[in-house]
Amino acid sequence: MVDYVVYGRGSFNQLDEIIAPHRKEGNPIVFLVDHFFEGKALVDRVPASGNDKVIFADVTYEPKTTYVDALANSLKEEFGKVSGVIGIGGGSTMDLAKAVSLMMNNPGSSADYQGWDLVKNPGLYKVGIPTLSGTGAEVSRTTVLTGPTKKLGMNSDFTPFSQIVLDPELAANVPHNQRFYTGMDCYIHCIESLEGTFLNEFSKSYGEKALELCQEVFLKKESWDNECDDKLMMASYAGGMSIAYSQVGVAHAVSYGLSYLLGTKHGIGNCIVMNHLDEYYPEGVAEFKRMVQKNGIDIPQGICKGLTDEQFDSMINVSLGMKPLWENALGKDWEKIMTRDKLRTLYEKL
Ligand SMILES: NC(=O)c1ccc[n+]([C@@H]2O[C@H](COP(=O)([O-])OP(=O)(O)OC[C@H]3O[C@@H](n4cnc5c(N)ncnc54)[C@H](O)[C@@H]3O)[C@@H](O)[C@H]2O)c1
Ligand SMILES: [Fe+2]
């Protein structure tokens, strides 16, 4: 789990104080800031001093192992040692910050650690400051990376942040569609966790609360206001806590295939898949469709049109590789239920 959590509007202003005890003489703090904020007012509030470095994270594409390695190697070359890594941005920046922190203390490439419990050494002191709510990357024990052969996280006890700062003010100006797609990531985490076979009281307690918060902001509220940002940031946190002790399910397993082959982004990819999952999550999908309608969102259709057999196979391989997700969704006998043919039919519908 994350060791230390600060929540509240304006809490970003405490960042200097929060990191001060973790500064090691001569070793800089590295601020990895979502490139959206380049030239924006938030950058002037980043408490960089001395030889600290601000790096703008290019999140045009979701994080790749090659990008993580390049960032970590250039920091090692420039500074030798670094005091800590502070990630400020959406889920992609959260994951980059976690992965770079780990790679500063582990040999080889981040691709070597894609899987479960392969990371050998704790990373550097790392802080997560989300500016976009929904992924739960601020609390999770994984960092999702696209590598040479797979899209899979570095899942380990060393992966969670040392500290997170949850300041809903930072999410105030996220564009409507982006906010919805990333918010739906959280909603889908809740449905997949609550409807999964791995469910337990820990996951249920957080999942139910996160679900209620998502329903409030995406169905009950007439228009988006500060209270919605407050609630969605807590929903993201609780949704992340819920899957920490369970797993995600069908939407994520299928959407990983889309992302690997087509580069479809996580939030929108999950929505594209969720739209067709009535068979697995009937109530969740019906409510999801009400949310889509109420918020005036167009979910893309037909993104798998014209793909070759080879391409379908590649998505199916990535998807079926996510064994824990399928087992959570469909039970121990999942392989008998989700055959390659059945998954192909599902991909064709997208
Ligand atoms: N580690 C985990 O547990 C976990 C869980 C779910 C998803 N993920 C990962 O998270 C990533 C998706 O994250 P995301 O949906 O938050 O999107 P993102 O981080 O990819 O950002 C999406 C877009 O929003 C912009 N943005 C960020 N903050 C903004 C703000 N305040 N105002 C305006 N624009 C802003 C970014 O610049 C980017 O263009 C994927 O890479 C996915 O694999 C990780
Ligand atoms: Fe997700």
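Visitor: Before we start, what should I know about the model and its numbering?

Guide: Residues are numbered from 1 along each chain as its sequence is written, while chains are lettered from A and ligands numbered from 1 in the order in which they are written. The model is predicted, with local features needing pLDDT of at least 70, side-chain atom pairs counting only at pLDDT 80 or more, and totals for chains, interfaces and linings using all residues; side-chain values use heavy atoms, leaving out hydrogens and water.

Visitor: Which residues are closest to ligand 1?

Guide: A residue is near a molecule if one of its heavy atoms lies within 4 Å of it. Here 25 residues surround ligand 1, and the closest are D34, G91, S92, S140 and T182. By class, that shell holds 10 nonpolar, 11 polar and 4 charged residues. Ala, Val, Leu, Ile, Met, Phe, Trp, Tyr, Cys and Pro count as nonpolar, Asp, Glu, Lys and Arg as charged, and the others, Gly among them, as polar.

Visitor: What polar contacts does ligand 1 have with D34, S140 and L170?

Guide: A polar contact is a pair of N or O atoms within 3.5 Å. For D34, a side-chain N or O atom is 2.6 Å from an oxygen atom of ligand 1. The side chain of S140 likewise has an N or O atom 2.6 Å from a ligand oxygen.

Visitor: How much of ligand 1 does the protein cover?

Guide: Accessible areas come from the Shrake-Rupley method with a 1.4 Å probe. On its own, ligand 1 has 870 Å² of accessible area, and the protein covers 92% of that. Two elements, α4 (91–103) and α5 (176–194), each give two or more residues to the shell; such helices are DSSP runs (H or I, at least four residues), and strands are runs of E (at least two), numbered from the N terminus.

Visitor: Is A137 buried or exposed?

Guide: Buried means under 20% relative accessible area, exposed over 50%, and partly exposed in between (1.4 Å probe, protein chains only). A137 counts as buried because its relative accessibility is 7%. You will find A137 in the loop between β6 (125–130) and β7 (144–146).

Visitor: And what about D117, where is it placed?

Guide: D117 is in the loop between β5 (115–116) and β6. D117 has 48% relative accessibility, so it counts as partly exposed. Its phi is positive, about 55°, although D117 is not a glycine.

Conventions: A polar contact is a pair of N or O atoms within 3.5 Å; within protein, one must be able to donate a hydrogen and the other to accept it, and residues adjacent in sequence count only if both atoms are side-chain atoms.
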